[in-house]
Amino acid sequence: MSEGTSVVMESSENGTDLSQDDIGTIEETPDNTILSRQTSVNLIPFIGQRFVSQEAAYEFYCSFAKQCGFSIRRHRTRGKDGVGRGVTRRDFTCHRGGYPQMKPSEDGKMQRNRKSSRCGCQAYLRIVKRADFDLPEWRVTGFSNIHNHELLKPQQVRLLPAYCTISPDDKSRICMFAKAGMSVRQMLRLLELEKGVKLGCLPFTEIDVRNLLQSFRNVDRDSDAIDLIAMCKKLKDENPNFKYDFKIDGHNRLEHIAWSFASSVQLYEAFGDAVLFDTTHRLDAYDMLLGIWLGVDNHGMTCFFGCVLLQDENMHSFSWALKTFLGFMKGKAPQTILTDHNMWLKEAIAIEMPETKHAFCIWHIIAKFSDWFSVLLGSRYDDWKADFHRLYNLEFVEDFEGGWREMVNKFGLHANKHIISLYALRSFWALSFLRQYFFAGMVDTCQSESINAFIQRFLSAQSQLDRFVEQVADIVDFNDRVGAKQKMQRKLLKVSLKTGSPIESHAATLLTPYAFSKLQEELVFAPQFASLLVDEGCFQVRHHTQIDGGCNVIWIPCQEHISCSCHQFEFSGILCRHVLRVLSTNNCFHIPDRYIPARWCGVNSSSSNPFRSATTREHSERIQLLESMASTLLTESIETEERLDVACEQISMVLSRIKELSRSTHSVNDIAYNCPSDSLILPEVEDADGIVQSFTIGNPHDSITLGKLKERRPRDGVDTTRKRRHCLGPCCGHFGHDGSACSIIGDDDLHGDALGYL
């Protein structure tokens, strides 16, 4: 920093000398200074330099400051020589010029001492307004580039707020990205790719983008609330099954609002036995708590039940939300509800849902462990966490109580307030206290990750309130479409049988692929357990490596009642390996109907609708007969060209006649649900050894036909592989003949009973 300065005096436009305030100083910068290294001669301000406006002078000095390593701000203004001439002098100073001032607040208390970057820097540029030949212009009358602080490097100076500007084009694109539900980091990365700049080299930062989005949302909240209510009313007019309710406070402002879609109400009727109520996020723009009701359907996919915005986080607000939700769902309360670790919500659920089992999400509790125990336990923190996970997964309450005391003694946590609180609320989070209640697998880690990913879509869609409701509807609709696609893909996949057990074959025809995979996992492990009869109807089941202990299974065949002390069926709706072991050793070849919950069955499974009418069954049988006839027609028609021509001609005539008939009032979905092709027949089931098993669903004790095709090896370089004759006729499927020689198809009295579909 150079000490040499030169003083330049100028005269005012009327010939008088300038006052002492108008005296300017300019730094004489040697060749080795920052100024000489980073600026050109034309960019250095000088006394007498002229500008057409204040803004032109500001932009010039701003460019000069950026080259040197600092930013500027507008400082003093002064008006001279009477009224009407406006501003006649302007000072621009270094952004670190001056000192912070403490201002008393209105109630007389001093404001908190915030940190400031100002350090009294004397660098400045002064311009004065002149009017030569009646043309106003601004001249530089004072300039100093002496700083009492270190100047920033080019990589640092671009991060100063004055240079983190967002162009109008970038603002419009960021606004569009926000409407699309993109996160801020995704926006920045996309803009970097579009502009072809390196990672982190945009002229603005993540904080600038967040501030911009916040400015978009900082609109009239009262007006937004009115728009939100109007939007809900519009959705209600379009669909009477849309549900919404709101509450206005004493100042005529929106206090709470909740809504649910028609599809959400239908899903709740089928899968509302276990519900997750997430209240861990907020809409920052409106400072409102966001609550989301979620569940899990029969395919293990997250489904949306409802949404609520609350002004306050207290028991009264949560009580209103729960009461409103029950009103949407026709008063039907869930069997169980999962929430975060919130005492106000705990009290509200005890009042509004007294018959519902309330539990805390364990992942919300575990997320706080690092703050609670990492510093306290130090190097023993990982050992304590491993012990906690072991205690959390214990099956029996007695084992948990004894293990908890040992853990507290081992780590010396008797007086820790968090340990005391966790133990007092153990019945809300420990699995040994929750296994007797159904939670649809929502406490599993993989399921919690799926739920959190679904919630993140809502958080990325934050915008104006009325727009937020539309975006929630879009997210729910998109989730439904993706779920329907995945369900269809799962249905088209082969069901792989791993054990060959009749119980497995029976379950594969009733359960959804998600539920069947859970049951199949238990079936695979079941043979590793020994079943010992200890009393009439009472069995002790333990792993073959255990000498004592195990689970107690009660099996009463005449009543088809079976239960296990591990309570896995009550907890997840899937029979445990202990029960399956007892069933197999006692020659039970199918699962009793009462242990195949309807919520885990396919939509078209007969067990999911026990009150199916005889007319519906007859309709399904006729559809199955039509499918069999069509399969036989295809097999016979491709034998010769003549047969194929006749078949095409006749089918065209039949289709034309069918299209002339009036359509049924049933929707396509109804027909698809009633079609028995997916529920009554499993045409191709492959086990782990590659053996193809084809069977029809009727009596689960019926025999199952097994067969394995062998490939002929090529001989002398010639492929001699032949296709074995395979009858594709109904209720046959044997090899060695085709449809023309099938005795069953040749029967003139072809009907449903002969086909074996009843």
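Mentor: Let's start with a term: a residue is buried when its relative accessible area is under 20%. In this predicted model, 42% of the 758 residues of the chain count as buried.

Trainee: What does the chain contain in the way of helices and strands?

Mentor: There are 26 helices and 22 strands. Let's look at helix 14, which covers residues 397–411.

Trainee: How do you know that the span of helix 14 agrees with its 15 residues?

Mentor: At 1.5 Å a residue, helix 14 should span 21 Å, and its end C-alpha atoms are 21 Å apart, so the two values agree. Just after helix 14 comes G412, with a positive phi of about 65°.

Trainee: Why is E401 called buried?

Mentor: E401 has a relative accessibility of 16%. The cut-off is under 20%, so E401 counts as buried. E401 lies in helix 14, where F400, G403, W404, M407, V408 and F411 are among the other buried residues.

Trainee: Which residues does E401 touch, leaving out those up to four places away in sequence?

Mentor: E401 touches Y423, R426 and F433.

Trainee: And which helices do the buried residues of helix 14 pack against?

Mentor: They pack against helix 12 (369–377), helix 13 (381–392), helix 15 (417–424) and helix 16 (431–434).

Trainee: What makes helix 13 and helix 14 roughly antiparallel?

Mentor: Their axes come within 10 Å and cross at roughly 170°. Angles over 145 degrees count as roughly antiparallel, so that is the name for this pair. On the helix 13 side, the contact is made by D383, W384, D387, F388 and L391. Helix 14 brings F400, G403, W404, M407, K410 and F411.

Trainee: How many residues of each class does that contact have?

Mentor: The contact of helix 13 with helix 14 has seven nonpolar, one polar and three charged residues. Gly counts as polar, and G403 is part of the contact.

Trainee: Let's turn to F525. Why is F525 called partly exposed?

Mentor: F525 has a relative accessibility of 31%. Partly exposed lies between the buried limit of 20% and the exposed limit of 50%, so F525 counts as partly exposed. F525 belongs to helix 20 (residues 513–525).

Trainee: What is the separation between the C-alpha atoms of F525 and C576?

Mentor: They are separated by 9.6 Å, with the two residues 51 residues apart along the chain.

Trainee: And for the chain as a whole, what share of its accessible surface belongs to carbon and sulfur atoms?

Mentor: The accessible surface comes to about 42800 Å², and 52% of that belongs to carbon and sulfur atoms.

Methods. Residues numbered from 1 in each chain as written. Predicted model: local features only at pLDDT ≥ 70, side-chain atom pairs only at ≥ 80, totals over all residues. Heavy atoms only, no water. Helix = DSSP H or I, 4+ residues; strand = E, 2+ residues; numbered from the N terminus. Expected span 1.5 Å × (residues − 1). Buried < 20%, exposed > 50% of the residue type's maximum accessible area, 1.4 Å probe, protein only. Contact = heavy atoms within 4.5 Å. Axes fitted to C-alpha atoms, helices over the stretch in contact; angles between N-to-C directions. Parallel < 35°, antiparallel > 145°, perpendicular 65-115°, else oblique. Areas by Shrake-Rupley, 256 points an atom, 1.4 Å probe, with all protein chains shown as cover.
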